[in-house]
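Trainee: I have just opened this structure and would like to go through the terms used for it, one by one. Could you help me see how each label is reached?

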Amino acid sequence: MKVTKAQAQANRAHIVETASTLFRERGYDGVGIADLMAGAGFTHGGFYKHFGSKADLMAEAATCGFAQTAAKAEGVDAMEFVKHYLSREHRDAPGDGCTMAALCGDAARQTESIKTAFAAGVESLLANLANQCGATEEGNQGGDARAMRIDVIAQVIGAIVLSRACPDDSPLADEILDVCRTAVLSRLSSPTLGASLAQIS
């Protein structure tokens, strides 16, 4: 039976979503094309009907993961987002979590197309945080606010990466999350940072 164009597009989207989850769980080198296709419910041979290479799928899967994170963050204020992000729930579920925290180390060793997808993902996170804080960027203060958002994002991602590198039952894994959560929430709630992020003119 011939697959319709709409069904082919749906199949492709399903493969990308499946790959996004599997890559976050196992890393780019931990998942082969056969595993990806089997996970999506298709045969290995069908892969090249949809993608030119595994690298092409990796870049699309990363973009898919960033979109999923943005959707989860929509309508959630920055404080609540940080509380969830720096939680054991997020730490212990990389397949459903942030693509940055799960795959930044892997992406650093990949092709320019994947690095470009990650750079776009960072910009998306920065924009989301600006929206959550009610910020606009104008003049020099806008640059200062952007620097603060980069600092926050780097700290929360780094905290998850460090925590995941520790044994699951390690007190240090929780300590890293607790210390960074307290520090970031304190900075986000400070009058100075709040003014810089929310009232730039």
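Trainee: Is arginine 91 counted as buried or exposed, and what makes it so?

Mentor: Keep in mind from the start that this is a predicted model. Arginine 91 has a relative accessibility of 3%, and buried means under 20%, so arginine 91 counts as buried.

Trainee: What makes the meeting of arginine 91 and aspartate 92 a salt bridge?

Mentor: The side chains of arginine 91 and aspartate 92 meet at 3.0 Å, N to O, and a salt bridge asks for a side-chain nitrogen of Lys or Arg within 4 Å of a carboxyl oxygen of Asp or Glu, so the pair qualifies.

Trainee: How many salt bridges does a search of the whole structure find, and which parts of the chain does the pair of arginine 12 and glutamate 60 link?

Mentor: The search finds nine salt bridges. Arginine 12 and glutamate 60 meet in one of them, at 2.7 Å from N to O, and this pair links distant parts of the chain, with arginine 12 in helix α1 and glutamate 60 in helix α4, 48 residues apart. Arginine 12 has 27% relative accessibility and glutamate 60 has 30%, so each of these values falls between 20% and 50% and counts as partly exposed.

Trainee: Why are α1 and α4 called roughly perpendicular?

Mentor: Helix α1, residues 5-26, and helix α4, residues 54-73, pack at an angle of about 80°, with their axes 8 Å apart. Angles from 65 to 115 degrees count as roughly perpendicular, and therefore α1 and α4 are given that name. Their contact is made by residues including Arg12, Ile15 and Phe23 of α1 and Leu57, Glu60 and Cys64 of α4, and by class the contact has eight nonpolar, three polar and five charged residues.

Trainee: What makes α5 roughly antiparallel to α10?

Mentor: The angle between α5 and α10 is about 175°, and their axes are 10 Å apart. An angle over 145 degrees counts as roughly antiparallel, so α5 takes that description relative to α10. Among the residues making the contact are Met79 and Val82 of α5 and Val184 and Leu188 of α10, and the residues of this contact divide into six nonpolar, one polar and two charged.

Trainee: How do you know that asparagine 11 is buried, and which residues is it in contact with?

Mentor: Asparagine 11, placed in helix α1, has a relative accessible area of 15%; that is under the limit of 20%, so asparagine 11 is buried. Leaving aside neighbours within four places in sequence, asparagine 11 is in contact with Val3, Phe42 and His50.

Trainee: Which residues touch the most other members of the largest nonpolar core, and which helix gives the most to this core?

Mentor: Of its 51 residues, Phe23, Tyr28, Leu57, Tyr85, Leu86, Phe118 and Ile157 touch the most other members. Helix α4 gives the most to this core, with eight residues.

How values were computed. Residues are numbered from 1 along each chain as its sequence is written. This is a predicted model: local features need pLDDT of at least 70, side-chain atom pairs count only at pLDDT 80 or more; totals for chains, interfaces and linings use all residues. Side-chain values use heavy atoms; hydrogens and water are left out. Axes are lines fitted to C-alpha atoms, for helices over the stretch in contact, and angles run from 0 to 180 degrees between N-to-C directions. Helices (H or I, at least four residues) and strands (E, at least two) are DSSP runs, numbered from the N terminus. Angles under 35 degrees count as roughly parallel, over 145 as roughly antiparallel, 65 to 115 as roughly perpendicular and the rest as oblique. Contact means heavy atoms within 4.5 Å. Ala, Val, Leu, Ile, Met, Phe, Trp, Tyr, Cys and Pro count as nonpolar, Asp, Glu, Lys and Arg as charged, and the others, Gly among them, as polar. A nonpolar core is a set of buried Ala, Val, Leu, Ile, Met, Phe, Trp, Tyr and Cys residues joined through side-chain atoms within 4.5 Å. Buried means under 20% relative accessible area, exposed over 50%, partly exposed in between (1.4 Å probe, protein chains only).
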